[in-house]
Amino acid sequence: MRLAKDIVAGIGTIAFAVGVLVALSNIPRTSYQAIPPDLFARLCAYAIIAGGVALIVRGIVRGGEAVSLPPWRAMLAVFAAVIAFGLVAPRFGYAPAGLLTLIIGGLGAPDLKLRQLLPMSAALIAFSVVLFSYVLKLPMPFLLLPGFVS
């Protein structure tokens with residue numbers, strides 16, 4: 001029997017939910033609480049486990065596509081984009097960092113070109129600046145340049 005993607009996804013999902021349950025075990029409980037503070041999170045973790053079991057069963061019954069190597073170009077591009085955001089955002093604000101992140105991450109797709117990414121990235125960043133800085137009034141600097149007040 002070959003290892004189907006559904007089986008691997010089910011195992012990963014169950015492992016994640018078990019990790020959540022282990023982390024939830026550190027939340028203290030008292031005897032006077034009728035509903036513990038971690039009840040909803042535990043119920044969600046159990047539901048995720050049930051979904052993981054369903055994925056495993058579907059992978060066994062249907063078979064499905066075999067596990068293959070992930071697209072390394074896309075994974076490396078997303079990883080580099082996150083690192084770039086973390087390095088650029090504190091120094092220049094989230095607008096240039098977001099633009100750089102979208103462009104680097106988009107270059108991970110083999111079918112996208114830079115001339116396609118630039119207008120869409122600029123539109124997304126303009127939308128995020130309007131949303132976060134002006135509509136929601138979050139105290140996040142969208143542009144940090146010497147002599148520029150954001």
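**Notebook: helices and selected residues**

I began with Pro-36, which is partly exposed at a relative accessible area of 22% (buried means under 20% relative accessible area, exposed over 50%, and partly exposed in between, with a 1.4 Å probe and protein chains only). The model is predicted: local features need pLDDT of at least 70, side-chain atom pairs count only at pLDDT 80 or more, and totals for chains, interfaces and linings use all residues. Residues are numbered from 1 along each chain as its sequence is written, and side-chain values use heavy atoms, with hydrogens and water left out.

**Entry 1**

I located Pro-36 in the loop between α1 and α2 (helices are DSSP runs of H or I with at least four residues, and they are numbered from the N terminus). From Pro-36 to Asp-111, 75 residues along the chain, I noted a C-alpha separation of 50 Å.

How do the axes of α1 and α2 cross? Helix α1 (residues 5–24) and helix α2 (residues 39–62) have axes that come within 7 Å and cross at roughly 165° (axes are lines fitted to C-alpha atoms, for helices over the stretch in contact, and angles run from 0 to 180 degrees between N-to-C directions). Therefore α1 is roughly antiparallel to α2, a description used for angles over 145 degrees. I sorted the residues of the contact of α1 with α2 into 19 nonpolar, 4 polar and 3 charged (Ala, Val, Leu, Ile, Met, Phe, Trp, Tyr, Cys and Pro count as nonpolar, Asp, Glu, Lys and Arg as charged, and the others, Gly among them, as polar). The crossing of α1 and α2 is left-handed (the near helix is turned anticlockwise from the far one by less than a right angle; clockwise gives right-handed).

**Entry 1: Residues in and beside this pair**

Ala-4 is in the segment before α1, and I recorded Ala-4 as buried at 1% relative accessibility. Ala-4 and Met-75 are 71 residues apart in sequence, and their C-alpha atoms are 21 Å apart in space.

Gly-59 lies in helix α2 and is buried, with a relative accessible area of 4%. I found 41 Å between the C-alpha atoms of Gly-59 and Ala-122, which are 63 residues apart along the chain.

**Entry 2: The α3 and α4 pair**

I then turned to α3 and helix α4 (residues 94–106), which pack at an angle of about 170° with their axes 8 Å apart. This angle makes α3 roughly antiparallel to α4. The crossing of α3 and α4 is right-handed.

Is Val-88 buried or exposed? Val-88, in helix α3 (residues 72–92), is buried with a relative accessible area of 17%. Val-88 and Thr-101 are 13 residues apart in sequence and 9.4 Å apart in space, C-alpha to C-alpha.

The 22 residues of helix α5 (residues 114–135) should span 32 Å at 1.5 Å a residue, and the end C-alpha atoms of α5 are 30 Å apart, which agrees (the expected span is 1.5 Å times one less than the number of residues).

Which residues of α5 are buried? I listed Leu-117, Ser-121, Ile-125, Ser-128, Val-129 and Ser-133. They cover an arc of only 105° around the axis, so they are on the same side of α5 (the arc is that of the directions from the helix axis to the C-beta atoms). The face turned away from the buried side of α5 carries the exposed residues Met-120, Phe-127 and Val-135.

Lys-137 lies in the segment after α5 and is exposed, with a relative accessible area of 64%. I noted a phi near 55° for Lys-137, a positive value in a residue other than glycine. Most residues other than glycine have a negative phi.

Technical notes:
Helices (H or I, at least four residues) and strands (E, at least two) are DSSP runs, numbered from the N terminus. Angles under 35 degrees count as roughly parallel, over 145 as roughly antiparallel, 65 to 115 as roughly perpendicular and the rest as oblique.
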